[in-house]
Amino acid sequence: MNICILGLGVIGTTYAYAFQKAGHQVEHLVRKEKRVTCPQILQVKLLDGRFQSKGQETEDDYSVALAKDKSSYDFIFVSVRSGKLQAAIDSLRQAEIKGTLVIFCNLWLERQEIEAIVGDYPYILAFPTAGGHMSDKILGAVLFDHVMLERKERADVSNYENLVKLFDSAHIKQELPHDMLEWLWLHMAINAGVTSTASTLGDLEEPQKLALALMDDRKNLARAIQAIRETVQVVAARQVNLKLYKNKLLPYKIPIWIASRLMKHLFASNELTRRIMTLHNDKNDILYACQEVYQTGLEAKLSMPVFAANMSKIEEKLKE
């Protein structure tokens with residue numbers, strides 16, 4: 001299949017590498033001013049969770065091919081920082097790139113808002129389970145064995161089965177939540193509880209140290225769980241039936257002292273999960289989720305004492 005990746009970011013490039021290795025033609029749409037300096041080869045250092053539960057350390061090269069204007073693709077993967085979806089779709093329109101969009105990022109928008117942004121592009125909502133960082137032509141990343149994918153009956157596209165085949169060819173399974181957009185809201189709310197707690201533990205410019213401080217301390221994890229219990233109520237206030245997502249919420253429903261102990265063990269024993277926590281270092285993206293969830297909670301007049309205290313500390317740090 002012919003695949004377009006919008007930009008040369010960590011998430012898109014990690015999956016681009018997996019698709020290219022599976023035999024697909026993959027090209028990146030980058031801004032014209034960056035095409036001259038765009039690397040032709042990236043070194044990929046991957047903790048690959050597709051074949052072994054503990055992950056497998058691999059090193060390989062990835063050949064970067066650039067997309068040309070007025071090109072058509074089977075799928076266009078859009079993985080952008082929260083709040084940047086409009087700009088991303090605008091760049092595709094300007095380049096006259098056509099194909100089915102796979103919107104591969106956090107979203108706090110309503111369905112109507114998404115459809116207004118994508119316009120006449122067919123689209124599917126999905127969410128990656130990968131992460132990492134890129135520097136000096138080296139991509140350091142983690143790739144899990146699955147993605148979250150919108151159900152076929154909720155995605156108004158004609159080539160849904162081809163997307164399934166694409167993921168299958170790259171040994172990536174699909175998990176299908178009841179409603180992908182609601183799942184994304186819930187995911188953002190949980191992340192807001194976690195990252196808002198971590199952000200109170202040190203310097204916001206050192207997210208790796210913040211992640212370690214959270215993962216290695218049961219008291220900090222217990223506070224994160226308390227915050228999560230508050231943030232998921234923000235999603236419920238958006239008329240989402242949380243019972244439909246009980247498996248995702250179960251770890252935060254059990255007694256906090258048990259949940260914090262289990263989470264500490266998970267982070268200590270699961271290298272895939274631990275590494276993806278430490279590699280996510282986009283401060284603006286992290287804070288965007290916290291701020292969106294917090295503002296919605298305030299508008300709904302919810303009681304969020306732990307989460308609100310976290311956000312207050314973050315606001316103080318941002319003023320420093």
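I take buried to mean under 20% relative accessible area, exposed over 50%, and partly exposed in between, with a 1.4 Å probe and protein chains only. I note that the model is predicted, so that local features need pLDDT of at least 70 and side-chain atom pairs count only at pLDDT 80 or more, while totals for chains, interfaces and linings use all residues. Residues are numbered from 1 along each chain as its sequence is written, and side-chain values use heavy atoms, with hydrogens and water left out.

**Entry 1: salt bridges at Asp69**

I looked up the salt bridges, each being a side-chain nitrogen of Lys or Arg within 4 Å of a carboxyl oxygen of Asp or Glu. The count by this rule is 15 salt bridges. One of them pairs Lys32 with Asp69, at 3.8 Å from N to O. I find Lys32 in helix α2 (residues 32-35) and Asp69 in the loop between β4 (56-63) and β5 (72-78), so the pair links distant parts of the chain, 37 residues apart. Helices (H or I, at least four residues) and strands (E, at least two) are DSSP runs, numbered from the N terminus.

Arg35 also meets Asp69 in a salt bridge, at 3.3 Å from N to O. This pair, too, joins distant parts of the chain, with Arg35 in helix α2 and Asp69 in the β4 to β5 loop, 34 residues apart.

I then checked accessibility. Lys32 counts as exposed because its relative accessibility is 58%. Asp69 is at 31% and therefore counts as partly exposed. Arg35, at 25%, is also classed as partly exposed.

**Entry 2: Glu161 and Lys152**

I recorded a salt bridge between Glu161 and Lys152, whose closest N and O atoms are 3.2 Å apart. Glu161 is partly exposed because its relative accessible area is 39%; Lys152 is partly exposed at 45%. As for networks, salt bridges with shared partners join Lys32, Arg35 and Asp69 into one.

**Entry 3: negative surface patch**

Which residues gather in a patch of negative charge on the surface? I list Asp203, Glu315, Glu316 and Glu320. Such a patch is made of residues with over 30% relative accessible area and no salt bridge, like charges being joined within 9 Å. Asp and Glu count as negative, and the charge is placed at CG of Asp or CD of Glu. Glu315 lies in helix α13 (residues 305-319). Its relative accessibility is 39%, so Glu315 counts as partly exposed.

Conventions
Patches are made of residues with over 30% relative accessible area and no salt bridge: like charges are joined within 9 Å, nonpolar side chains (Val, Leu, Ile, Met, Phe, Trp, Tyr) within 5 Å. Accessible areas come from the Shrake-Rupley method with a 1.4 Å probe; for residues, only the protein chains shown count as cover.
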